[in-house]
Amino acid sequence: MSLAEAPLRQARNSAALWIATGRSRGHEIVRRRGFVAVEGDERAGTRILIQEAHLDPAEVAELGEVVRRAAGAVTAEDPFGATDLSHLSMRNWQMPVMLRAPGPVAEPALEVIRVTAPEDLRTAERIVIEGFDLTGFAPYRPGELFPMPFIEQPGVDVFVALHDGAAAGACVSVVDDGVGSHYWVATSSAFRSRGVGRAVMLGALAHLTAFPVTLTASKLGRPLYESLGYTVAAPSTWWSSTP
C-alpha cells in the first residue's frame with residue numbers, strides 16, 4: 001500500500017470503527033457515497049467520516065442537516081483535507097494520517113491483554129475517557145463508551161496494558177478490508193512517561209503484522225508512532241462544533 005492510498009484507507013477504516021460503535025450503542029447510522037454519519041445522543045454526540053476527496057453539493061447539503069439536527073457535539077474527520085465545513089460554524093485543525101508497512105514488531109515491555117471480559121472492557125473505557133478528557137461521558141456510566149457488543153463487532157479489538165498488574169493504558173484496533181488501524185490510544189495519568197503507550201501499541205500491533213496499518217496521529221503521539229515505523233502520508237482535517 002502506497003502513502004498516496006493511506007488517506008482513503010484510513011477513511012474506510014475509521015468508518016468501519018464508527019459503524020461498529022454505532023451498532024453497539026444502537027445509534028442511527030447514515031451511509032452515503034461521500035460520507036458516513038453516526039448520530040448519537042447528547043452525551044455521545046455525532047461523528048462524521050468523510051469518505052471521498054470530493055463531495056457533491058447534495059452531500060454537502062445533507063451534511064449540514066446532520067450537523068444542525070445533532071443532539072450533542074459534532075466531530076467530523078476528513079482524511080483528504082478537502083471538504084470545507086466552516087459554513088456550519090465548525091472549527092478545524094489538522095493531524096497527519098500515518099502508514100506502517102506490514103512487518104514484525106518488538107515484544108512490549110509490559111503485559112498487554114486483549115479484552116474479552118466485561119470488567120476489562122470497563123477498565124479500558126475508564127482509561128480512554130480519562131486520557132482523552134471525554135467530558136461528555138461524565139458522570140461515568142459503565143458501558144456507554146464501549147458497550148459489550150462493541151468487541152463482538154467484526155475486526156474490532158480492545159487492548160489493555162498492565163504496569164505491575166495495574167491497568168495503565170488502552171487502545172482499540174480495527175481490521176477492515178485488509179488494513180488495520182488504531183484508535184483511542186490512551187495512558188492513565190498515574191502511569192504517564194513509563195512506556196505504557198509504546199507497550200499497548202506494540203501489543204496491538206503484534207496482531208496486525210501481516211497488514212498495512214494506518215492511524216491519525218496527535219502532535220504528542222506522532223514521535224511514538226514514527227519510532228514504531230509509521231510514516232506521515234498526508235494531513236487530515238478535523239472539524240468540531242465545540243468551541
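Guide: Two strands count as paired if DSSP finds at least two bridges between them, and helices (H or I, at least four residues) and strands (E, at least two) are DSSP runs numbered from the N terminus. This is a predicted model, in which local features need pLDDT of at least 70 and side-chain atom pairs count only at pLDDT 80 or more, while totals for chains, interfaces and linings use all residues. Residues are numbered from 1 along each chain as its sequence is written, and side-chain values use heavy atoms, with hydrogens and water left out.

Visitor: In what order do the eleven strands of the open sheet lie?

Guide: The order is β1-β2-β3-β4-β11-β5-β10-β9-β8-β7-β6, and the pairing is mixed. The edge strands, each pairing on one side only, are β1 (28-31) and β6 (111-114).

Visitor: Why is α4 described as largely enclosed by the rest of the structure?

Guide: Buried means under 20% relative accessible area, exposed over 50%, and partly exposed in between (1.4 Å probe, protein chains only). Nine of the ten residues of α4 are buried, so the helix is largely enclosed; among them are Val196, Met201 and Leu205.

Visitor: Which residues touch the most other members of the largest nonpolar core?

Guide: In soluble globular proteins, nonpolar side chains tend to be buried together. A nonpolar core is a set of buried Ala, Val, Leu, Ile, Met, Phe, Trp, Tyr and Cys residues joined through side-chain atoms within 4.5 Å. In the largest one, of 30 residues, they are Val128, Phe146, Phe150, Val158, Val172 and Trp184. A second, separate core has 23 residues, including Phe159, Leu202, Ala204 and Leu205.

Visitor: Where is Thr209 placed, and is Thr209 buried or partly exposed?

Guide: Thr209 is in the loop between α4 (196-205) and β10 (213-216), and with a relative accessible area of 31% Thr209 is partly exposed. Not counting residues up to four places away in sequence, Thr209 touches Pro102, Gly103, Pro104 and Val105.

Methods: Contact = heavy atoms within 4.5 Å.
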